[in-house]
Structures are given as C-alpha cells and as structure tokens.
Amino acid sequence: MYGALDVSTSALRAYRTQLDVIAGNIAMKDVTRDEDGNPNPYRRRVSLFAAGDPSKGNHAPGVHVESIVEDTTPFPLRWDPSHVDAIKQGPKQGYVRTSNVDTHTEMVNAITASRAYEANVTVMEMTKRMASTTLRLIA
C-alpha cells in the first residue's frame, strides 16, 4: 500500500513542478530583455521527467523532474518598428524578437498536467479507501 502512495506522491511533486514551470512561461511570455537589460527575449522552459525517485534510489518506483531545460526553438519576429527593442539595421529592421512561448501550447500543457495531478490524487484516495476497507474486514 505504501508503495502505491509513494508512487503517487512522487507524481504529485513532479506535476506540481511542471505546473510551476508552465506558470512561469506564461508570466514571462512578453519579456523582451534579459536580466542584464540586453534585448534577449525570455526563452521557454520545459520540465523533463525521469523514472525513479532519487530520494529512495533511482530504481525505486515513481517519477521525478530530472531537469528543467530551455526550449531551443527560434524566437519569432513581430513587426513593431516603434518598439525600443526593434532591430535597428539589416533585413529584419523594424522587427522585434519575441519570446518563444506559445500561450495555447502552455494552456494545453497546464490542463494535461492538472488532469494528471487530479488522477494521482484519486489513486491516493482509492488506496487509502482500500486500506481502510481491508482493516475493517480484518477487525
């Protein structure tokens, strides 16, 4: 029984982290400058899952976020010559490099992660109910 709870708990942690990453992507999607003030748009981040639970050894059942990586897709360009970060010279003059975050993709990912989180909560509740029923039958 505790193994099933541990697996679901590890999934809850992983999906919570994924939802945090998605929320950060949505919050930063309009940022066109890096922390140093250079015209470098925010780059979308993605959480990568891996099997196992490092707190119990890599061969333990469960899942964890192995790393959070940046999406390497190119930055889209938006025509806005009056923008302070617009490209000043060359063939792309007047365009602004914008973040590679797509709100629609992020919302779909958030819904998927939310549903998976809910499914794991349901598994935990069913496991607890089965344990309780088993104890009632024994007693």
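Which residues does serine 99 touch, not counting residues up to four places away in sequence? They are Lys29, Val31, Pro41, Tyr42, Phe75 and Pro76, where contact means heavy atoms within 4.5 Å.

Welcome to this structure, which is a predicted model: local features need pLDDT of at least 70, side-chain atom pairs count only at pLDDT 80 or more, and totals for chains, interfaces and linings use all residues. Residues are numbered from 1 along each chain as its sequence is written, and side-chain values use heavy atoms, with hydrogens and water left out.

- Serine 99 sits in the loop between E4 and helix H2 (103–138); helices (H or I, at least four residues) and strands (E, at least two) are DSSP runs, numbered from the N terminus.
- With a relative accessibility of 5%, serine 99 counts as buried; buried means under 20% relative accessible area, exposed over 50%, and partly exposed in between (1.4 Å probe, protein chains only).
- The serine 99 side chain reaches the backbone oxygen of tyrosine 42 at 2.9 Å, and a polar atom of that side chain lies 3.3 Å from the backbone nitrogen of valine 101.
- A polar contact is a pair of N or O atoms within 3.5 Å; within protein, one must be able to donate a hydrogen and the other to accept it, and residues adjacent in sequence count only if both atoms are side-chain atoms.
- Threonine 32, in the loop between H1 and E1, is buried at 14% relative accessible area.
- Leaving aside neighbours within four places in sequence, threonine 32 is in contact with residues including Asn38, Pro39, His83 and Arg97.

**Aromatic pairs and a nonpolar patch**

- The whole structure holds two aromatic pairs; rings of Phe, Tyr and Trp (its six-membered ring) pair if their centres lie within 6.5 Å, and planes under 30 degrees apart count as stacked, over 60 as edge-to-face and the rest as tilted.
- One of them joins tyrosine 15 and phenylalanine 49 edge-to-face, at 5.2 Å centre to centre and 75° between the planes.
- Tyrosine 15 is in helix H1 (residues 2–27) and phenylalanine 49 in strand E1 (residues 45–51), so this pair ties together parts 34 residues apart in sequence.
- Tryptophan 79 and tyrosine 95 have ring centres 5.2 Å apart and planes at 70°, so they are edge-to-face too.
- Tryptophan 79 is exposed at 53% relative accessible area, whereas tyrosine 95 is partly exposed at 30%.
- Leu77, Trp79 and Tyr95 make a nonpolar surface patch of about 310 Å².
- Patches are made of residues with over 30% relative accessible area and no salt bridge: like charges are joined within 9 Å, nonpolar side chains (Val, Leu, Ile, Met, Phe, Trp, Tyr) within 5 Å.
- Accessible areas come from the Shrake-Rupley method with a 1.4 Å probe; for residues, only the protein chains shown count as cover.

**Salt bridges**

- A search of the whole structure finds seven salt bridges, each a side-chain nitrogen of Lys or Arg within 4 Å of a carboxyl oxygen of Asp or Glu.
- Glutamate 106 bridges to arginine 44, with the closest N and O atoms 2.4 Å apart.
- This pair links distant parts of the chain, 62 residues apart: glutamate 106 in helix H2 and arginine 44 in the loop between H1 and E1.
- Glutamate 106 is buried at 1% relative accessibility, and arginine 44 is buried at 13%.
- Arg44, Asp71 and Glu106 are linked in a salt-bridge network.
- Lysine 29 forms a salt bridge with aspartate 30, at 3.1 Å between the closest N and O atoms.
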